[in-house]
Amino acid sequence: MAAGWVFPADWPVDEVDRVCRAVLGPQDPAEELYRLGGARARAGTGLAETLLDLAALHAVLVEPPGSTGIVSPDVDAVPARMLRATALGWGDVVSEQAGSCAADNPLTGLATSAYLRTRLREVYAEARVAGRQDHVLVLVSIDLNRVSGWSRVVAMTLLADALKEVFDAGETLASVGPSTACVLLRRDGRLARAVVNLRLLTAHRLAVDPHVAPTGPAKVWLEQLPGTYDEAARLVTALGR
């Protein structure tokens, strides 16, 4: 964590386990690193952070026995083959995403974070003309670290269903991370009740399935929009981590 991979929520994915097994065994880790690069891209991680994480892994691997355990990642010290495999995996996924330009996730039906940023740009343009900001974000997050495999997908699908049931009047419902979703909406007198309903409904939906119940209770909160669009875009990125 001191050298890289500073978000533990990013760790429990199959690609990480496969890379660990590959680098500790006799096989060439290139194929698994390619898959890891793709997984990091799908999680919304930039290439610079992805390669820094790889450098942190490499620094741990080459640290001599009996050391303090404190390592410094150096991307330039990582073997070119490892860098190339990871970067190719990351780049192929990004290219695929750019080509498909899907506005929503086919499993959850929630809009992508890219679409949310487009809506935020429109909201800030509207606020500039009106002279005030009337929109707010409602965030909901669950703990996917407590489950694995298909249960993670089921949990997010149940969460999305609850969001769509509570907010069904044209609000923007989007996924901002592997375990976090949000609603961009105009603040009005119904907001407080809607937040309470969302908290109760998510608790009920997650409790029905014993395989996903450990992800709850869902955390639901309001997030005020910052003063500028650029700050809002950074906020969305941070909320997704």
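Helices are DSSP runs of H or I, at least four residues in length, and are numbered from the N terminus. Leucine 36 has its place in one such run, helix H2, which covers residues 30-42. The model described here is predicted.

In this model leucine 36 has a relative accessibility of 8%. Buried means under 20%, so leucine 36 counts as buried. Arginine 18 lies 18 residues from leucine 36 along the chain. The C-alpha atoms of these two residues are separated by 8.6 Å.

The chain comes to 8 helices and 4 strands. Read along the sequence, these elements follow the pattern α-α-α-α-α-β-α-β-β-α-β-α. The C-alpha atoms fill a box of roughly 60 × 45 × 35 Å, taken along the principal axes. The chain has 241 residues, and 40% of them count as buried.

The strands were examined next. Strands of a sheet pair through backbone hydrogen bonds, in either a parallel or an antiparallel sense. Here, 4 strands form an open sheet, and the pairing is antiparallel. The order across the sheet is S2-S3-S1-S4. Strand S2 (172-177) and strand S4 (219-224) stand at the edges. Each of these edge strands has a single partner strand, so one side of each is left without a neighbour in the sheet. Neighbouring strands of the sheet are turned by 25° against each other on average, direction ignored.

Strand S3 (residues 180-186) pairs with strand S1 (residues 135-141) in the antiparallel sense. This pairing extends over 7 bridges. Within it, leucine 139 has cysteine 182 of S3 as its bridge partner. Valine 138 is bridged to valine 183 in S3.

Strand S3 also pairs with S2. These two strands run antiparallel and are joined by 5 bridges. Leucine 173 has valine 183 of S3 as its bridge partner. Valine 183 is likewise the bridge partner of valine 138. Serine 175 is bridged to alanine 181 in S3.

S3 is mostly covered, with 6 of its 7 residues buried. S2 is mostly covered as well, with 5 of its 6 residues buried. In a regular strand the side chains alternate between the two faces of the sheet.

Cysteines were considered separately. The structure holds 0 disulfides. Cysteine 182, the bridge partner of leucine 139 in S3, has a relative accessibility of 1%. Cysteine 182 therefore counts as buried. Cysteine 20 has a relative accessibility of 35%. This value places cysteine 20 in the partly exposed class, because that class runs between the buried limit of 20% and the exposed limit of 50%.

Rolling a probe the size of a water molecule over the atoms shows where empty space is left. A search of the whole structure finds 1 cavity of 30 Å³ or more. The largest cavity has a volume of about 30 Å³. Its lining consists of Val123, Glu126, Ala127, Ala130, Arg132, Gln133, Asp134, His135 and Arg186. By class, this lining has 3 nonpolar, 2 polar and 4 charged residues. Helix H5 (residues 113-130) gives the most to the lining, with 4 residues.

Glutamate 126 is one of the residues that line the largest cavity. Glutamate 126 is found in helix H5. At 36% relative accessibility, glutamate 126 counts as partly exposed. Arginine 84 is 42 residues from glutamate 126 in sequence. In space, the two residues are 44 Å apart, C-alpha to C-alpha.

Note on methods. Residues numbered from 1 in each chain as written. Predicted model: local features only at pLDDT ≥ 70, side-chain atom pairs only at ≥ 80, totals over all residues. Heavy atoms only, no water. Disulfide = S-S within 2.5 Å. Buried < 20%, exposed > 50% of the residue type's maximum accessible area, 1.4 Å probe, protein only. 1 Å grid on protein atoms, 1.4 Å probe; cavity = no way out; pocket = protein on both sides within 12 Å on 5 of 7 lines; lining within 4 Å. Points joined across faces, edges and corners; volume = space filled by probe spheres on them. Nonpolar A, V, L, I, M, F, W, Y, C, P; charged D, E, K, R; others polar. Pairing = 2+ DSSP bridges. Axes fitted to C-alpha atoms, helices over the stretch in contact; angles between N-to-C directions.
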